[in-house]
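Hello,

I am passing a structure on to you, with a few notes on what turned up in it. Please have a look at it first and then read on.

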Amino acid sequence: MRYESPTTTSEAATLLAGESGEAFVLAGGTDLLVRMKNMMVEPELVVDVKRIPTMRSIEITDDGGFRIGAAVPGVEVGEHEALGRAWPGIVEAAGLIGSDQIQGRCTIVGNVCNASPAADTTPALIAADAQVEIIGPKGQRTIPVAKVATGPGQTSLTKGELVEAILLPPRPANSGDAYLRFTPRTEMDIAVVGAAVSLTLKDGVVSKARVALGAVAPTAIEVEPAAAAIVGSKLDDGALDALVKACRAACKPIDDRRGTIEYRTEVAGVLAKRAALIAFERAGGIQ
Amino acid sequence: MSGVLVTTTINGDAVQFACPEEETLLDALRDRVGLLGVKEGCGTGDCGACSITLDGRLVCSCLVLAAEAEGREVTTVEGLVEGGKLHPLQENFISHAALQCGICTPGFLVAAKSLLDRNPDPTETEIRYALAGNLCRCTGYDKIVRAVQSAAKEMRAAKPA
C-alpha cells in the first residue's frame with residue numbers, strides 16, 4: 001500500500017485517477033480503517049486529505065451560507081457556534097455519530113460518501129438542501145447531497161473524483177431544522193430510523209419545508225409529499241397527520257435484526273412528526 | 001524496503017520510527033515505540049482501549065495510520081505521569097478500585113483526562129456520555145464514574161483560584 005498526503009485537492013484527484021488498483025480517500029478513517037482491518041478492502045493507494053487546507057475548515061460563504069470542508073471532524077462541527085445556531089439539526093445529527101473518540105476523526109463528508117442507508121447526517125443535509133462540491137480530473141461539479149449515494153455503499157462519484165466540501169445555503173430568518181433517530185441504545189448505535197425536517201416560517205405559517213428519512217430505503221430519501229403536507233400550516237393536527245402518512249407511504253425498508261419493515265415504517269412517521277415540531281419551535285413558531 | 005519514516009512528538013518527546021504504510025498508530029506505538037499502555041481491544045474503534053490524543057483530540061489509535069502522525073503531537077496514558085507522580089485520575093482509579101483486569105484502564109484514563117481538560121466539573125451524565133466509547137467488562141462502570149468525579153473534585157481544589 002502507498003500512503004500519500006497531498007496539500008491540494010487537485011493533487012489528490014490526480015493521485016486517485018492515476019492509480020490502477022484500489023484507491024481510497026482517507027479523511028477520518030473511521031470506516032476505511034475498519035474495512036482494512038477486516039480485510040474487506042486491500043488498498044493499493046490511500047490518499048489522506050487532512051493536510052489540504054481547504055478541506056480542514058468551516059467557512060461562512062459570500063452568500064451567508066456555510067462551507068464545511070471534507071476533512072473537518074465531528075468535534076469541530078459541534079464546536080462551531082455560528083453553524084450550531086443556523087443549522088442545529090445538522091450539528092445534532094453529526095454529533096450522534098459514535099463516541100468522543102470517533103467524533104475526533106469522523107467527518108460529515110465521510111458519512112455521506114460511505115453511503116450507508118442509516119447515515120445520520122445525510123437526511124439532515126437533504127432536508128437542508130445541501131450540496132457537495134466535487135473535484136475530479138475533469139474539473140469541479142456541484143450536486144445535491146441526495147445524488148451522492150446511489151445504493152448501500154455505492155456512490156455516483158467517478159474514478160478520480162472526491163468531495164472537497166459540503167455547501168449549506170444561506171438561512172432565512174424564522175427557520176429551523178431538527179434530526180431525530182431511533183436507536184435501542186442511547187449511545188454507540190446505528191439508526192433504525194432517522195428523520196430530518198427543515199422549515200421556514202412566514203407570519204407564523206410554514207412557508208417552505210423539506211423532509212428526509214434515513215434507514216427506511218436503500219439510500220436516505222427526500223419526502224416531498226410530507227413537506228407539502230405542512231406548508232401553509234402552523235403544524236395543526238391535520239397537517240401533522242398528513243405528514244406522518246406521507247412519510248410512512250415513502251418507506252421501503254428492509255427487515256433486519258435491528259427492526260422490521262412494519263416497525264421502521266411506524267417509527268418513521270413518529271420521528272418525522274417530532275422533528276417537525278422541534279424545527280417549528282426553533283424557527284420561532286407558536287402553534 | 002517500502003515504508004514510511006515518521007517523525008512525531010509523543011508525550012512531549014521527539015520520536016522517529018519507520019513502519020509499513022498500512023500500519024496503524026496503535027501497532028507502531030506498541031511495537032516500535034514500546035508504549036505498551038496503549039491496548040488493543042477490538043481494533044475497530046468500538047472499545048476505546050487504544051485511546052490517545054492526537055493534536056489534543058481524543059481518538060482511537062487503531063483507526064489512525066502511523067503515517068498520519070507525521071508532525072503531530074501524540075499523548076498516551078504514559079504521558080499522564082508528571083515528574084514521576086501519578087495523575088489524580090490514576091490515583092483515584094486505584095483508591096476507588098475502578099479497575100479489575102485493567103486492560104481498559106489506560107483508555108479510560110486518557111478519555112477521562114480529555115473530558116476534564118474540556119469540562120473540569122462534569123455531571124455524572126456527562127461523564128457517562130464522555131466515556132461511552134470505552135468498554136469495561138469487569139467493573140460495571142460505577143466505580144470508574146466515582147473515580148472520575150473524585151479526581152475532578154481534587155483537581156478543582158488544587159487549581160489556584
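Let me begin with a strand pair: E1(B) and strand E5 (residues 73–75) of chain B run parallel and share two bridges. (Strands, E, of at least two residues and helices, H or I, of at least four are DSSP runs numbered from the N terminus; two strands pair if DSSP finds at least two bridges between them.) Within that pair, B:Thr9 has B:Glu73 in E5(B) as its bridge partner.

A word on the basis: this is a predicted model, in which local features need pLDDT of at least 70 and side-chain atom pairs pLDDT 80 or more, while totals for chains, interfaces and linings use all residues. Residues are numbered from 1 along each chain as its sequence is written, and chains are lettered from A and ligands numbered from 1 in the order in which they are written.

Strand E1 (residues 4–10) of chain B also runs antiparallel to strand E2 (residues 13–19) of chain B, with seven bridges between them. There, B:Val4 is bridged to B:Cys19 of E2(B). Two residues lie between the strands of this hairpin, where B:Asn11 takes a positive phi near 50 degrees.

Chain B is assigned domain 1 (4–77) and domain 2 (88–158), with bounds from an automatic or database domain assignment. Their centres, taken over C-alpha atoms, are 22 Å apart. Domain 1 of chain B brings 13 residues to the contact and domain 2 of chain B brings 11 residues, where contact means C-beta atoms, placed from the backbone, within 7 Å.

Enjoy exploring!

Technical notes
Two residues are in contact if their C-beta atoms, placed from the backbone, lie within 7 Å.
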